Amino acid sequence: MTIWPEEAIVRHRGETEFDFDTVDMTVNVGPQHPATHGVFRMLLTVDGEVVVDCEPYIGYLHRGLEKLSENADYRQAMGWWDRTDYLAGLNCEGAWCMAVEKLAGIEVPERAEYIRVIMMELSRINSHFMFFGAFGADVGSFGTSFTYAWRERERIYDLFEEVAGDRMFPTYFRIGGVTMDLPENFEARCRWLLGSIRQGLEDLDGLLTGNEVFVERCRGLSPVTPEQAINWGLTGPLLRATGIPWDIRKVEPYSIYDRLKFEIPVGTQGDVFDRWMVRLAEAYQSTKIIEQCLDEMPKKGLVLNPNLPKTLRIDSGEVYFRTEGTKGEYSVYLMARGGNKPYRAKLRSPSFCNLSALREMVIGNYVADAIIILGSLDIVLGEVDK
Amino acid sequence: MIGILKGLATTLSTFTRKPVTIQYPDEKHPLPVRQRSFPVLVWDFDHDEPACTGCNVCVRNCPVDCMTATMMDNPKYAEGLSDRRKIVEKFWIDYARCMRCNICVEVCPFEAIVMDNNWTGHERAVFDRRDLHMDLDDLTWASRNGLLTAPFRPQDSIAYLEAVEKGEEPPPISFKFARPEARQAQLERIAKGEGPAIRLRPPEKPKVAAVARAGAGAAEAEEEALSPKKARAKRMKLEREAKEYEARGEPVPAELLAQIARYRAIEEGKPVPAAAGGVGAAAAGEEGALSPKKARAKRMKLEREAKEYEARGEPVPPELLAQIAEYRAIEEGKPVPAAVGAPAAAPAGGAQPKPAAAAGVVGDPNSPRKQRARRMRAERAAREALARGEPVPPEVKAVLDEFGISIESLQP
Amino acid sequence: MTELQFGEPWFGIPWLDAVLRILIVVGVMTFTVIYLTYGERKVVARFQMRLGPMRTGPYGIFQGIADALKLLVKEDVRPRAADRWVFEFAPYATFIPVFLVLLVLPFARDWGVRNLSLGLFYVFAILGLNIVGILMAGLGSGNKYALLGGVRAAAQMISYEIPLVVSLLAVAMVAGTLDLNQIALNQADRPYVLLQPLAFVIFFTAMLSELHRAPFDIPVAESEIVGGYFVEYSGIRWSMFQLAEYASLWAFSIFGSVVFLGGWAFPMGDTWPWPWQLFLTFVKSLGFILVVMWVRATMPRLRIDQLMNFCWKVLIEVSFALLIVNGLFLYYGWPHELLALVNWAGAIALLAFIGARGARKARVSQYVGLYRREGVTAP
C-alpha cells in the first residue's frame, strides 16, 4: 500500500549533472531482502547510482492488533502487544500495562516497579544490540558485528528465560505488577550480565566506531536539523541525534524513572554516525539504570497488587500513555466503555512515524547509502504494521 | 589508520576467546524451571486419571482460542477411586495456534495444565501442520511418563510472597499429585498389587431412584410455573435416568414414568395429568428423606417464586406458602406440619386418561410425533412391499387402516 | 623453448612434461580451493567467536567436498531474459585467466609449470582478462542487480589494475628482472618487503580490490544487491565463480609471497632442498590468506565512489611517485639503503594519510570510548 498520493511523487527525467538523456531505473528492494530488517518493500527510482525517488510499501506484517485487542480482555491482549516491537517485547508490555493501570487507577507495588524497569531496560539494550549487529552487517563488516551483538542478546534472552519463562515474548507483566517474582540468583546473574554487556559494547565500539571506513560511510550522511526532525515527527534516538535532549523518561517520567539518575546522549548533526553513537551511549546508560535498580530495589515485597478484581472491568475513560520505547515514543491510546475489553486500543508506534521520513532522507543519496539510512532508522516491522 | 588497527586488534582478541557456540543437538543448554514450551495436561498419579475436569476456564481465557474441552461424569468417582465428580472427556490443543502466554496455567483452578519445561516440549517439528493438533493422549503423555519433573505455576511465586507479606504459612507445594514422588508412590502401589489409584471410599450405588422419587413428588407446586423449556430439560434428565435403569435391565419405576409424562405435558402445553396416586405418600415419604440442605434449597426456590408473585402485584398462593413453611420446618429439624398443601394443590385441569406406560417404553406412545413416526414407517413398509410385488403384511395394513390410508394411494 | 622449461623435461618429452605439471598444479589447486572455502568459514567463524562447520566429518573437514557435491547436483537455472551464449561463457571467461596465472608461478626452486622470462608482465596482463568475464556475467544475466554489480566490478577492477601494476613495476625495477623465479632468487638474503614496503602496501590494497574482498567487495555486497554479477547463476556455474575467486586468492597469495616475501628462497631456500622450499611457499601464502581473511572479518565496505576516489586520488599518485623515486635512485646509483628508508617513510606516510582522511570529517580516534563518558555528546 502506498503511503503518499501519486501526485506528490516527483520524478526526475534526465536531470543529471551531464547532458545525457538518461532513463531512471527502478530497483525494488523487495520484501525478502537481507537488508530490510523485516518484510518491508522499498521501490527506489535510481538515476545511475543516485536515488531520485523512494516509495516504501508496508503492511506485509499487518496482524490486526488493534482490532484483536477490542475482542480480548486486558490480560489476553498483553500477549499480542509484546509482539509489536518484538525485539523489545517487555517495553511494549510495560506500555500497555501502565496505560491500563492509569485508566483503571490500579497501583503497582514498589518491587514490581523496579522489576519492570530492569526488564524494560534490558529489552532496550536487547533492541539496541540488534541495531548494532544489523547495522554493522549493512555497512559491510561481514557479520562480525552481528555475532558480537548476538552473543550479548543470547545472554539477555537466557536471563529472560530464567525469570519469565520465555525468551522473546515473555508475557511477564500483568495489570498491577508482574506475574512472578525474580528467581533467587537473579542479582548475581544480572550483574554478571551487565559486565558482559559492557564488554560487548567495548567490542562493537572498537570494531566499528573508530574505523575510518565506517566513519567515511556514515559521517555526514543524511544530516537532519532539529526543525526538520520535529516537522517529520521523528522521536527516539533519531531526534536525540539531532541535538534535542527529548527523552520521555525525563520529560514525563513514568514508573520510577524520576528516581533514577541517568543521562541523555545527544548528537550534533543528526546523521547516521550520530545515531550510532547515540544508541551506543544509550545502551551504556541503560546498564547504569539497571545497576541503580539492583541497588535500590526492595529485597522482598509483593510483585502483584493483591486487591485486583478477578476480572478487570473499566467503565469509562480514555488515556493516552506515552513511554520511551526503544525506537522512539511508543504510546498507547486506550478507550474503555464498560466491560472487560477495551473499546479502542491504538498504538502510536515510533517506527511507523520514523519511517515516514525515509523518503526525505534517502533522496539524493546513493543506493548503498539508502540501505544504510534505512538501517539507521532502526525500524521493526511488527511496530510499523501492527 | 588507528581506527582500522583498533578494529583489527578487536577481531584478533575475539579470535583468541572461546567460541560461544553450543552444539545442538549434542549439547543442549539446561532449561530453567520457568521455561515455557507448550501446555500439557497433568496426570494425577494418586488417582490415575487426568487432573483436568473439563471445566473450560482455560478454554475461555485463551487469547487465541486454541483449546477445546468437554466434560463427562467421572466413573471413578462412583467407584470410589477419585474425588473428582467430573472429568475431562476430550481435550484438544492446537499447538500451531498456541502463543505460550501462560494464561491457561494461571487460571486453572485444579492445577491441571502446565507448561512443559523440558526439551521434549520444544522439539515438536512436524511435517504436517495437522500433526500439531494434540488430543488428550498426546497431552497427558509427558506427564504420564514422568517427564514433568519440575512443573511450575506462576502463582507459586505470588502466593508465597503474599503469605510471607501477611506473615502466614507459605502455601503447600503445587502439583503434589503429579510430582515424581507421587509417581514413585504409584509405581510402588502397582508393585504391591494395590492398583494404580488410592481407594478413597467403597463403590456406591447410584442415586437415581431417590432423585426420581424426589422429582416426581413434592415439587408439584412449581410445575405450574415451569416454562416449556425448563420442563423439557427436566424431562430429558429423567429420561436419561430411565435409560440407566434399562441399561441395567431393571424395570423403570412407575413414578419416574409418570413424572416424565407430566413434564412432557407441560412442555407441550397440554393440561397436566394429576400426579399419580402416590403423591401424598410420595411427598410425605420424600420429605422424610429430604436432608436439611435439600430442604433449604427447595425452600429458597419457592421463596423466589413467591417474590415473583409479589413483584407482579399478585397475592401469593397459600399452597406455596405452606410448602415453604414445610421446607423450613424440615430444614430446622422441627416436626413437619401436615402436608395439607399437597393434595389441595392438585393441579387444575384434572386428570387426563393416559394409556398404561408399557415397561421399556419411555414417554407417551400416543404423542403426535410417535404416531407420525408409526404412520410413516407403515407407509414405507407398504411401498417397499408393493415395489417388490409382494402383498402388504397384515400388521402394516392394520396401522394404515388406523390412520385411514388406502393401499391404492401408495402404489408407485 | 628451452628457456621456458625448468631444467630437463620429464621423461624427455616436452608436451608430456607440460601436461603432467599442469595436472599436478590443477590437482593442488582444486584441493586448495575446496579447503579454502572450508578454511575461510572456520577462520572467519573464529574471529566471530563461533565454531564454523562442525558436523560434516570431524570438525567439519568434509564441508568443502559436501559443498562441491551439492553444487554439482543443483538445477541449472538459465533465466529467459539472459543472453544465452554470453551467460554461458562468462564463468569460463572468469576462471580461465586465473588458471593461466598459475602456470608461471614458481612453487619451489626451478619448479613450476613453465618459466617465462616475462613472468611478471604475463601475470598482470592475464589478470585483466578477468574483467571481461565479469562484465559478460553482469550483462548477460538480464537482471538489473547483476548489471549494477557487473558495472561496479568492472570499474573497480580496471581502476585498481593501475596501482597494482605500477607497484609491481617498482619492484621489478629494483629486482632488475621480470622473471619470477629470478625475483625469488634475488631475495635469498632479504625479502623485498623490507626494501619496498610502500610497494607492498599498495600491492596489498590493490590485490584486495582485484579479489573483490572487503573492504572493496561492493560488487558482491550481499546485503545490498544480493550477489551482484553472479546473482542469476546457480549450481555448477556459480561454483565456478567461487572457484575463480578462491583460486585467484590463492594465486595472488603465492604471487605476492614470491614477489615480496621471498617466495621459496627466503630464509634459507636457495641452499636447502625442495621440501623446505615448498614449505616456505606454503607458509607464506597461508599467512597472506589469513591476513586477507582477517581484514575481511573486520572492515566494513567502502562505497563505490569512495573506492574510486581512493584509487584515483590517492593510490595512483602514490604509486607513480614510488615509480619515479625508484627510477631516480636506480638511475643515479644512489645507495639502496637510502631507497629503503625513503620507501619506509612513504609507507608510513601513506598509512597515516589513510587515517587522516577521516580527520577531514572529524578526528576519529576520539570517538572510540566516547559512549562511556559522562555528559556525553558526540561533537
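This is a predicted model: local features need pLDDT of at least 70, side-chain atom pairs count only at pLDDT 80 or more; totals for chains, interfaces and linings use all residues.
1. The contact between the chains. In chain A, 40 residues are in contact with 35 residues of chain B. The size of an interface is often given as the accessible area lost when the parts come together. Here, chain A and chain B bury about 3000 Å² between them, and carbon and sulfur atoms account for 51% of that area. On the side of chain A, the residues that lose the most area to chain B are A:R75, A:Q76 and A:E161; together they make up 18% of what that side buries.

2. How many salt bridges are counted between chain A and chain B? The count is four. In one of the salt bridges, B:R100 is joined to A:D166, with the closest N and O atoms 3.0 Å apart.

3. Which elements of chain A face chain B. Four helices of chain A each supply at least two residues of the side that touches chain B: α2 (78-81), α5 (144-164), α6 (186-209) and α7 (212-218). The largest share, nine residues, comes from α5(A). Sorted by class, the side of chain A that touches chain B has 16 nonpolar, 11 polar and 13 charged residues.

4. The residue B:R100. This residue deserves a separate remark. Most residues other than glycine have a negative phi, and most peptide bonds are trans. B:R100, however, has a positive phi, near 55°, and is not a glycine. B:R100 is found in the loop between β5 and α4 (103-107) of chain B. As noted in point 2, B:R100 also forms a salt bridge with A:D166.

5. A cis peptide bond in chain B. The bond that joins B:Y24 and B:P25 is a cis peptide bond, with omega about 0°. Where is B:P25 found? B:P25 is in the loop between α1 (2-15) and β1 (39-41) of chain B.

6. Salt bridges within chain A. Over all chains, the structure holds 58 salt bridges. One of the pairs is A:R189 with A:E162, whose closest N and O atoms are 2.9 Å apart. This pair links distant parts of the chain: A:R189 is in helix α6 of chain A and A:E162 in helix α5 of chain A, 27 residues apart. A further pair is A:D274 with A:R219, where the closest N and O atoms are 3.3 Å apart.

7. A sheet in chain A. Three strands of chain A form an open sheet in the order β6-β7-β8, with antiparallel pairing. The edge strands are β6 (317-325) and β8 (344-348) of chain A, each of which pairs on one side only. From one strand to the next, the twist averages 10°. Helix α3 (residues 89-104) of chain A packs on this sheet and touches β6, β7 and β8 of chain A; the direction of α3 makes about 150° with that of β6(A).

8. The hairpin in that sheet. β6(A) and β7(A) form a hairpin, with two residues between them. The pairing of β6(A) with strand β7 (residues 328-336) of chain A is antiparallel and extends over nine bridges. Which residues of β7(A) are the bridge partners of A:E324 and A:G317? A:E324 has A:E329 as its partner, and A:G317 has A:A336.

9. A sheet in chain B. Chain B also holds an open sheet of three strands, in the order β4-β5-β7, with antiparallel pairing. Its edge strands are β4 (67-73) and β7 (133-134) of chain B, and each pairs on one side only. β4(B) and strand β5 (residues 86-94) of chain B run antiparallel and are joined by seven bridges. Within this pairing, B:T70 stands opposite B:K90 in β5(B). Helix α6 (residues 136-144) of chain B lies across β5 and β7 of chain B and runs at about 95° to β5(B).

Methods: Residues are numbered from 1 along each chain as its sequence is written. Chains are lettered from A and ligands numbered from 1 in the order in which they are written. Side-chain values use heavy atoms; hydrogens and water are left out. Two strands pair if DSSP finds at least two bridges between them. Axes are lines fitted to C-alpha atoms, for helices over the stretch in contact, and angles run from 0 to 180 degrees between N-to-C directions. Contact means heavy atoms within 4.5 Å. Buried area is the accessible area (1.4 Å probe) that two parts lose on being put together, summed over both. A salt bridge is a side-chain nitrogen of Lys or Arg within 4 Å of a carboxyl oxygen of Asp or Glu. Ala, Val, Leu, Ile, Met, Phe, Trp, Tyr, Cys and Pro count as nonpolar, Asp, Glu, Lys and Arg as charged, and the others, Gly among them, as polar.
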